[in-house]
Amino acid sequence: MKNKIILSCMLALGLTGCSESFLEIAPETNLSSVTFFKTQADFEQAVNACYVPLRTIYNDRSWLLSEMHSDNTYYYRNTAFGATEQQEDLADFSIPVSNGLTTNTHVLNQYRQDYLIIARANQVLALIDKADFDAAAKANLKGQAQFLRAFAYFEIYRYFNKGPLHLTPITTREEAAAKLGTAADLEKIIIDDLTGAIASLKPKSTQEPGRATSGAAKTLLANLHIIKKEWAAAEKLCKEVIAEGNYSLIPDYNNVFSTSTGNKNNAESVFEVQFQEGSNGYNGTFMYNFLPRPMTADELKTLSGTSNPQPQTGEGNNAPTPNIIAAYEPGDLRKDASIGYITCSTTLWEGKTYPIIKKYMKPHSLNGNHGMNWPVYRYAEVILFLAEALNEQGKTAEAATYMNMIRKRAGLPNTEATTQADFRTALMKERRVELAFENKRWHDLVRTDTYKQVITAYGAEIKANPFAYYYQKGYTLRSNSFTVIEKYYPMPADEAALNPNIK
């Protein structure tokens, strides 16, 4: 059984960075439990495998569970196309729930991809200390595995607030049905792993581009402390990231996000998921998921720049809402950098001209195949984390100096908020527009316990004017829309069928 687990772990090895060493994959016929996990190269391959599910998560799923499941984005309703309820249920807060379980496919797949990262990281961490190779290289690889396991558990923590506890490789069927850990159990795993990762990982200045760094580990740990309202701990970590001197704000917000072939892992990048355009299987398709439909080939070409654009059919997702568009202050330079517009001549929606997420619309060569990286953590968020942590400790004046750094780049004047309460409100507004469409909004609503109030009002807004939310005239939302507004996602029913501890 153990041999099969190791072999299956290695079948999906792939790219996680832009350098050639990330692309080197040993022939699968040469891999076995006897020959593998011996050398530095073996562990490099195994750690590479831990990164691979991130591409699936950010290409296919995270934006559904974090942006469309908020007031930031919606779907481009196409009444001529069916079988869209899985994503519509997320956007409409109507996912089916029974006895704390759901059959929603996207919730299930998010869960499985996170546990795939955990399983692969466990293989590395169980064996790496016993291996005999360069100590510095070993520490760096171990730190990456710890970071990635912590990251996956952090995802489980934010989405479900509980989850099975797996910290060692599974060797029997019985071990697969692990007990269900509480939020406190998950917090301990995340903190322990990130503490180890911070001590072992290289800083960005010396780390291979695309890999986890000590700065990324500190940022992730600061994010956990922010959720737990442990403000002093978050402040300390954010100031350490700033003091590293490895990050800076890019002066023009338009240049913050990568193109298909360049500007990757730039000065503002703390951690981003690596994609590569081409036929090697490392490409992204999320730009195409975010398009209104139907769309002609000529209309698509104005966005993609490809020489062989193809008409887009079906139903598109992640449409900027009127709600987020109205959230930008007059003169905010981020608005035009983040949101663009496209006219679709053949769409059934009478409005014809739709907003799109412009920050990810980059020209590339191949239709349906691009290489833009996905920003998970940016230096701008570190600064906003620090501003929040300072304000919550009563240091509002100091907090303002940091938030104003973000506002200055956006072409806005300094914040007028001077009280702690006013600054708290201003900061969340700033986070919303600075980090729009980067999968932050739902988690911010949850951790500030404003999710029910905000989403209830947002649902009423859509029901009052469905046309403004891309419905054809005469059509409205389903009767169960906005009836399941809960803080955490229910656990996947398919996994509960395999593990009796999941309830």
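Predicted model: local features only at pLDDT ≥ 70, side-chain atom pairs only at ≥ 80, totals over all residues.
Student: How are helix α5 and helix α7 oriented, roughly parallel or roughly antiparallel?
Tutor: Helices (H or I, at least four residues) and strands (E, at least two) are DSSP runs numbered from the N terminus, and on that basis α5 covers residues 135–160 while α7 covers residues 183–200. Axes are lines fitted to C-alpha atoms, for helices over the stretch in contact, and angles run from 0 to 180 degrees between N-to-C directions; for this pair the angle is about 155°, with the axes 8 Å apart. Angles under 35 degrees count as roughly parallel, over 145 as roughly antiparallel, 65 to 115 as roughly perpendicular and the rest as oblique. The packing angle of about 155° therefore makes α5 and α7 roughly antiparallel.

Student: How do the residues of the contact of α5 with α7 divide into nonpolar, polar and charged?
Tutor: Contact means heavy atoms within 4.5 Å, and the residues that meet include Phe147, Tyr153 and Phe154 in α5 and Leu186, Ile189 and Ile190 in α7. Ala, Val, Leu, Ile, Met, Phe, Trp, Tyr, Cys and Pro count as nonpolar, Asp, Glu, Lys and Arg as charged, and the others, Gly among them, as polar. The contact of α5 with α7 divides into 13 nonpolar, five polar and three charged residues.

Student: How are α2 and α5 oriented, roughly parallel or roughly antiparallel?
Tutor: The axes of α2 and α5 lie 10 Å apart, at an angle of about 25°. That angle makes α2 and α5 roughly parallel.

Student: What is the handedness of the crossing where α2 passes α5, left-handed or right-handed?
Tutor: A crossing is left-handed if the near helix is turned anticlockwise from the far one by less than a right angle, and right-handed if clockwise. The crossing of α5 and α7 is left-handed, and where α2 passes α5 the crossing is also left-handed.

Student: Which helix gives the most to the lining of the largest cavity?
Tutor: On a 1 Å grid over the protein atoms alone, a cavity is a set of points where a 1.4 Å probe fits but cannot get out, a pocket is an open set with protein on both sides within 12 Å along at least five of seven lines, and lining residues have an atom within 4 Å of a point. The largest cavity is lined by 17 residues, with Tyr58, Arg158, Val376, Asn439 and Lys440 nearest its centre. Each of α2 (40–66), α5 and β9 (374–378) supplies at least two residues of this lining, and the most, five residues, come from α5.

Student: Which peptide bond is cis?
Tutor: Most residues other than glycine have a negative phi, and most peptide bonds are trans. Pro294 is found in the loop between α10 (286–289) and α11 (297–304). With omega near -5°, the cis bond is the one from Arg293 to Pro294.

Student: What value does phi of Ala83 take?
Tutor: Ala83 lies in the loop between β1 (73–76) and α3 (85–91). Its phi is positive although the residue is other than glycine, with a value near 60°.

Technical notes. Residues numbered from 1 in each chain as written. Heavy atoms only, no water.
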